[in-house]
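Hello,

Here is the structure I promised to pass on. Please open it first, then read my notes below.

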Amino acid sequence: MAGSQASEEAVIVGKPVQELVLNSENLPKNYIYDEGGAGFRDALLSSEDIPVVDLDQLTSPSTAQQELAKLRYALSSWGYFQAINHGVTSSFLNKLREVSKQFFELPMEEKQKYAREPNDIEGYGNDMIFSENQRLDWTDRVYIKVHPEDQRKLKVWPEKPNDYRSTVLEYTERLRLLKEVILKAMAKSLNLEENCFLNECGEKPSMFMRFNYYPSSPMADHVLGLKPHADGSIITFLLQDKEVEGLQVLKDNQWFKVPVIPDALVINVGDQLEIMSNGIFRSPVHRAVINAEKERLTVAMFCIPDSEKEIKPVDKLVNESRPTLYRPVKNYTKIYFQYYQQGKRPIEASKI
């Protein structure tokens, strides 16, 4: 996850990780986790898999109740589920993966045309560097605001490959509609009015899309693609790599692998939905590990409430047995990045 504004202090842009791979014997120490070891990648495969929710059954009157119960369990125990039968075709998801791969394969000078500015989060690049001691992620990415339409910064949207932009626009529209289906189902699973969470997002919710490229590394036991964090969104959609695993989620103080289901969309709760649900739904801490031999490509979409909307627990979810657990917050993502780069969770500051 990432926020929508950057700190004025962030002035350093790191080298693309794709360039560091060429000299992997001399990696900057900011990337290295001394404590790493094989345990980095050998997370558990849970005996109880991350729940799979069938969106066809979720919206069908005869099976909806059973699937809603599964959804509620998934979000209150794992904070995650894998969505199947979501209506986005396998061929389109492959096209999305392909344009992402083609972009990262372009010559560096072409990619640098879309480089993010030092004080901006949008564009091609990697971690913002706030301090010398900061741990850096072994990933390059393209991060763009795709919704609302009038807030798009097209100058940092890649024009190559030729169908990159049209593919981004089509995926945005499909997920915008899917977001409504998911948030309505989440509300219904808590016996709330179905538009409850949608209304809580305010008049101008936004969506940010991030293409992630994780190069392989012979130092895979000592670098992380993404440091442990929870998302600052309301919900996040992730299209995993078709073959290479890497996503891990923390549950009961243990790391679990999120298995690859080729055409599923992995959907997780973000901090702002944890706040709205008064802690019933959990915003899970997760990380991305690196493969020693294979590159990994993923595409994330972060759905974020209107920055002007005050986010707080929904009244109906506050009672004597579950008092208010969080203070109201506004423009949550503004502080998100600084906390993220320090390895801290901004939601801790919201807890009562």
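Helices α4 and α6 are oblique to each other, because their axes cross at roughly 140° and only angles over 145 count as roughly antiparallel. Keep in mind that this is a predicted model.

Helix α4 covers residues 90-104, and helix α6 covers residues 164-189. Their axes come within 10 Å. The crossing of α4 past α6 is left-handed. On the α4 side, the contact is made by Phe92, Leu93, Lys95, Leu96, Val99 and Phe103. On the α6 side, Tyr164, Thr167, Glu170, Tyr171 and Arg174 take part. Sorted by class, this contact of α4 with α6 has seven nonpolar residues, three charged ones and one polar one.

**A serine in α4**

Look at Ser100 next, which also sits in helix α4. Is Ser100 buried or exposed? Ser100 counts as buried, because its relative accessibility is 1% and the cut-off for buried is under 20%. Leaving aside residues up to four places away in sequence, Ser100 touches Phe211 and Leu297.

Now turn to strand β9, residues 235-239. This strand is mostly covered, with five of its five residues buried. Ile235, Phe237 and Leu239 point one way. Thr236 and Leu238 point the other way.

Which strands pair with β9? One is β12, residues 265-269, which runs antiparallel to β9 and is joined to it by four bridges. Another is β14, residues 296-304, which is also antiparallel to β9, over five bridges.

Phe237 stands opposite Ile267 in β12. Phe237 also stands opposite Met301 in β14.

**Strand β12**

Strand β12 is largely enclosed by the rest of the structure, because five of its five residues are buried. Both of its faces are covered. Leu265, Ile267 and Val269 lie on one side, and Val266 and Asn268 on the other.

β12 also pairs with strand β3, residues 80-84. Four bridges join β3 and β12, and the two run antiparallel. Here Phe81 has Ile267 as its bridge partner.

Best wishes

Key
Residues numbered from 1 in each chain as written. Predicted model: local features only at pLDDT ≥ 70, side-chain atom pairs only at ≥ 80, totals over all residues. Heavy atoms only, no water. Axes fitted to C-alpha atoms, helices over the stretch in contact; angles between N-to-C directions. Parallel < 35°, antiparallel > 145°, perpendicular 65-115°, else oblique. Left-handed = near helix turned anticlockwise from the far one by under 90°. Contact = heavy atoms within 4.5 Å. Nonpolar A, V, L, I, M, F, W, Y, C, P; charged D, E, K, R; others polar. Buried < 20%, exposed > 50% of the residue type's maximum accessible area, 1.4 Å probe, protein only. Pairing = 2+ DSSP bridges.
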